[in-house]
Amino acid sequence: MPLPFLTADRDAEDLAPATASGENLPYEDLDRWRRPYRPGPWRVGGSALVLLLASYVLFSALIIALAGSLPGAGICFAVAALMITVAVRLVRVGIWVSPQGLRQLRLTSSTTVAWSDVTAVRTAQQPVRWLGLPRTVQGQALVIDLARGGSLPVVVTDRGGDFLGRPEAFAMAADAIEDQVAGYRR
């Protein structure tokens, strides 16, 4: 009896020689913006919690609409739409790379820098925000230095939503971003 949920494992084994030889995978589009690391459990959990709350607000909008108060239902629907937008944006926060440059997404804004403007990407020991809250603790941050002087605001830290409690994952992600920058700057 074929088990369709095992096909992903089989495909990964079939494609293993291609990835070991340095070839691109057939589905990998190098012209798209990609994050060189996965979103962490705190970031995904926070987004899931916001989406859960949004579902309750949508359900309350339905009940309010059925009760006959359409303005109240519209307000609840708008609040739920805002919550869904925040949840999606929360998952997308981080560093993204493409042949065009480096993009840093934050919750309310984003910054795109061409590869010619990036001088260095390094990790630094400094005070960082714990889970993006105002409280700061000593930790490591991925600092992106710019050619015009200064650096981008820090988004990727070992105390952030992606790497809290996973220092080896932070080290691997920092190395992956540094490798991407080195590869694209050539």
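Reply: Helices (H or I, at least four residues) and strands (E, at least two) are DSSP runs, numbered from the N terminus. By that rule, the chain has 4 helices and 5 strands. From the N terminus on, their order is α-α-α-β-β-β-β-β-α.

This is a predicted model, where local features need pLDDT of at least 70, side-chain atom pairs count only at pLDDT 80 or more, and totals for chains, interfaces and linings use all residues. Residues are numbered from 1 along each chain as its sequence is written, and side-chain values use heavy atoms, with hydrogens and water left out.

Let's take helix 2. What distance should its 27 residues span? At 1.5 Å a residue (times one less than the number of residues), the answer is 39 Å. The end C-alpha atoms of helix 2 are 39 Å apart, so the two values agree. Just after helix 2 comes Gly 68, with a positive phi of about 105°.

Now the sides of helix 2. Arg 43, Ser 47, Ala 54, Val 57 and Ala 61 are its buried residues (buried is under 20% relative accessible area, exposed over 50%, partly exposed in between, with a 1.4 Å probe and protein chains only). These buried residues pack against helix 3 (a contact means heavy atoms within 4.5 Å). Across the chain, 30% of the 186 residues count as buried.

Helix 3 gives the most, with 3 residues. Areas come from the Shrake-Rupley method with a 1.4 Å probe; for residues, only the protein chains shown count as cover.

Ile 84 is in helix 3. Its relative accessibility is 34%, so Ile 84 counts as partly exposed.

Finally, step back to the whole chain. Its accessible surface is about 11,400 Å², and 62% of that belongs to carbon and sulfur atoms. Among contacts between residues at least 6 apart in sequence, 53% join residues at least 24 apart.
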